[in-house]
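Colleague: I have the sequence and the model open. Please walk me through them, one question at a time.

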Amino acid sequence: MQSDASMFPPDGARKILVTGGAGYIASHACKLLAANGMLPVTFDNLVRGHGHAVKWGPLVLGDLEDRLKLDEAIKEYRPEAIIHFAAYTYVGESVSDPAKYYKNNIVGTLALLDAMQRTSINIIVFSSSAAIYYRASTS
Ligand SMILES: NC(=O)c1ccc[n+]([C@@H]2O[C@H](COP(=O)([O-])OP(=O)(O)OC[C@H]3O[C@@H](n4cnc5c(N)ncnc54)[C@H](O)[C@@H]3O)[C@@H](O)[C@H]2O)c1
């Protein structure tokens, strides 16, 4: 699945590649980017996200570890920066199956950084753990 950037005016808008753009937080980030005149290009494998949440820019269906697809997306859209939201986020699952989280969140992020190096994209915003908002009990 891949949609066409020409469906999303304005032409010449600044492009931002949003990994995980079909997910909860990133789809809102895409809305905000579009509201500020930018074109959010979503890169997502839809393992957890929803295609219908990608409304403000094109969707490139791909996995972070698919080197070819990632390079193609960056070369086609030439984003000036990447906002990285593509990750697994469930605390319980990360404890019961840490290898799944290590592979997707750490190896996936390293694959993204490698792609940035190959394509000379130098700006990344990394959306860190949702769990940082948890308030530990003091008792
Ligand atoms: N939900 C929150 O309150 C919150 C707050 C702060 C930060 N975050 C962080 O933001 C990120 C996204 O969280 P979320 O709650 O929106 O999760 P989410 O599951 O709704 O979104 C994650 C998106 O990433 C995609 N994805 C996952 N692995 C991928 C891969 N290997 N390749 C391509 N796409 C992949 C999924 O399909 C999904 O669309 C996480 O890093 C999370 O820790 C979340």
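Colleague: Among contacts between residues at least 6 apart in sequence, what share joins residues at least 24 apart?
Modeller: Two residues are in contact if their C-beta atoms, placed from the backbone, lie within 7 Å. Take the contacts between residues at least 6 apart in sequence. The share that joins residues at least 24 apart is 67%.

Colleague: What kind of model is this, and from what number are residues counted?
Modeller: This is a predicted model: local features need pLDDT of at least 70, side-chain atom pairs count only at pLDDT 80 or more, and totals for chains, interfaces and linings use all residues. Along each chain, as its sequence is written, residues are numbered from 1.

Colleague: What percentage of the 139 residues is buried?
Modeller: Count the other C-beta atoms, placed from the backbone, within 10 Å of a residue's own: 20 or more is buried, 12 or fewer is exposed, and in between is partly exposed. The chain has 139 residues. The buried ones make up 33%.

Colleague: Which elements do the buried residues of helix 4 pack against?
Modeller: Helix 4 has 22 residues and reaches 31 Å from its first C-alpha to its last, close to the 32 Å expected (1.5 Å times one less than its number of residues). Its buried residues are G108, L112, A115 and M116. They pack against strand 1, helix 2, strand 4 and strand 5 (124–126).

Colleague: Which helix gives the most residues to the shell around the ligand?
Modeller: The shell has 23 residues, and the closest are G20, G23, Y24, G49 and A130. Helix 1 and helix 4 each supply at least two. With three residues, the most comes from helix 1.

Colleague: Is G23 buried or exposed?
Modeller: G23 lies in the loop between strand 1 and helix 1. Leaving aside neighbours within four places in sequence, G23 is in contact with R48, G49 and F85. G23 has 26 C-beta neighbours inside 10 Å, so G23 counts as buried.

Colleague: What is the phi of R78, and what is the phi of L46?
Modeller: Most residues other than glycine have a negative phi. R78, in the loop between helix 2 and strand 4, has a positive phi of about 45°. L46 sits in the loop between strand 2 and strand 3. Its phi is also positive, near 60°.

Colleague: Is R78 buried or exposed?
Modeller: Look at the C-beta count for R78. There are 12 other C-beta atoms within 10 Å, so R78 is exposed.

Technical notes:
Helix = DSSP H or I, 4+ residues; strand = E, 2+ residues; numbered from the N terminus. Near = placed C-beta within 6 Å.
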